[in-house]
Amino acid sequence: WGEWGGSRERAREYVTPEREERVLAFFWSPDSEKLLFLTAADEDTGMYAKTRGMALRCRWNVYHVATQERETYRTCTPPTQLLEEFYPNFELYSRSITPWSPDSSHFTFSAAVTTIGADGYGEVREGAWVQAVSPPRDADPMAQRASRGPAAGLEAAEPFLAVEGASFAVWSPS
């Protein structure tokens with residue numbers, strides 16, 4: 001299995017400067033205004049490559065091109081199959097499948113996510129999640145309301161569990 005996602009030189013190209021994170025996969029939105037990317041702490045990816053069965057904590061991020069803002073979402077743990085087969089080879093799949101909704105207002109992912117229940121205790125839930133993407137801060141208020149799309153009411157900070165137990169999630173093109 002070797003180094004995560006290929007050679008050591010290639011891996012260094014994808015380390016973000018802010019928090020020493022490695023980018024595991026990235027997808028342009030259908031409107032070409034946002035870049036969705038999955039990151040993991042650099043030291044965690046090295047440990048994951050050496051230790052089978054370790055849960056790798058990751059975060060989805062959205063970069064808004066027009067405003068150069070980065071939106072970071074809650075920590076999640078993708079299924080082992082995605083970490084070992086899909087993400088290291090995402091270039092093979094990135095043109096044929098997408099996590100983005102057709103209107104670029106949401107994305108989907110499969111992972112284990114810790115949520116806080118009504119009783120105040122944390123609960124790990126696994127499955128296919130849908131995450132609303134906030135419009136850039138300086139966006140027109142009318143555009144912000146329109147961007148919520150068919151899933152109005154979803155808050156950008158909290159993903160919605162769409163299918164419990166799902167191990168893979170992609171969006172169907174329009």
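Two strands are said to pair here if DSSP finds at least two bridges between them. Strands themselves are DSSP runs of E with at least two residues, while helices are runs of H or I with at least four residues, and both are numbered from the N terminus. A quick word on what you are looking at: this is a predicted model, in which local features need pLDDT of at least 70, side-chain atom pairs count only at pLDDT 80 or more, and totals for chains, interfaces and linings use all residues. Residues are numbered from 1 along each chain as its sequence is written, and side-chain values use heavy atoms, with hydrogens and water left out.

With that settled, let's start at a hairpin. Strand β4 (residues 58-64) pairs with strand β5 (residues 69-76) in the antiparallel sense, over six bridges. Across this pairing, Tyr63 has Arg70 of β5 opposite it. Four residues lie between the two strands of the hairpin, and Gln68 takes a positive phi near 60°.

## His64, at the end of β4

Is His64 buried or exposed? His64 belongs to strand β4, and its relative accessible area is 4%, so this residue is buried (buried means under 20% relative accessible area, exposed over 50%, and partly exposed in between, using a 1.4 Å probe and protein chains only).

The side chain of His64 has a polar partner: the side chain of Glu71, at 3.1 Å. A polar contact here is a pair of N or O atoms within 3.5 Å; within protein, one must be able to donate a hydrogen and the other to accept it, and residues adjacent in sequence count only if both atoms are side-chain atoms. Contacts in general are heavy atoms within 4.5 Å. Leaving aside neighbours within four places in sequence, the residues in contact with His64 include Glu33, Lys34, Glu69 and Glu71, along with Val133, Ser134, Pro135 and Pro136.

## The nonpolar core

A nonpolar core is a set of buried Ala, Val, Leu, Ile, Met, Phe, Trp, Tyr and Cys residues joined through side-chain atoms within 4.5 Å. The largest one in this model has 25 residues, and the members that touch the most other members are Leu24, Trp60, Tyr87, Phe107 and Phe109. At least two residues of this core come from each of β2 (21-28), β3 (34-41), β4, β5, α3 (80-86) and β6 (106-116).

Beyond its neighbours within four places in sequence, Phe109 is in contact with Trp60, Cys76, Gly127, Ala128, Trp129, Gln131, Pro159 and Ala169.

## Cysteines without a bond

How many disulfides does the structure hold? There are zero, where a disulfide is a pair of cysteine sulfur atoms within 2.5 Å. For Cys58, the closest cysteine sulfur is that of Cys76, and the 5.8 Å between them is too far for a bond. Both residues are buried: Cys58 has a relative accessible area of 1%, and Cys76 has one of 2%.

## Salt bridges

Side chains of opposite charge can pair when their charged atoms come close. The structure holds four salt bridges, each a side-chain nitrogen of Lys or Arg within 4 Å of a carboxyl oxygen of Asp or Glu. One of them joins Glu21 and Arg70 at 2.6 Å, N to O. This pair links distant parts of the chain, with Glu21 in strand β2 and Arg70 in strand β5, 49 residues apart. Glu21 is buried at 6% relative accessibility, whereas Arg70 is partly exposed at 28%.

Another salt bridge is formed by Glu158 and Arg74, whose closest N and O atoms are 2.8 Å apart. Here 84 residues separate the partners: Glu158 sits in the loop between α5 (141-147) and β8 (160-164), and Arg74 in strand β5. Glu158 is partly exposed, at 38%, and Arg74 is partly exposed too, at 27%. Glu164 and Arg125 also meet in a salt bridge, at 3.7 Å, N to O. Glu164 counts as exposed at 57%, while Arg125 is partly exposed at 26%.

## Val124 on β7

Strand β7 (residues 122-132) also holds Val124, which counts as exposed at 55% relative accessibility. The C-alpha atoms of Val124 and Ala112 are separated by 6.3 Å, although the two are twelve residues apart along the chain. Not counting residues up to four places away in sequence, Val124 touches Ala112, Val113 and Thr114.
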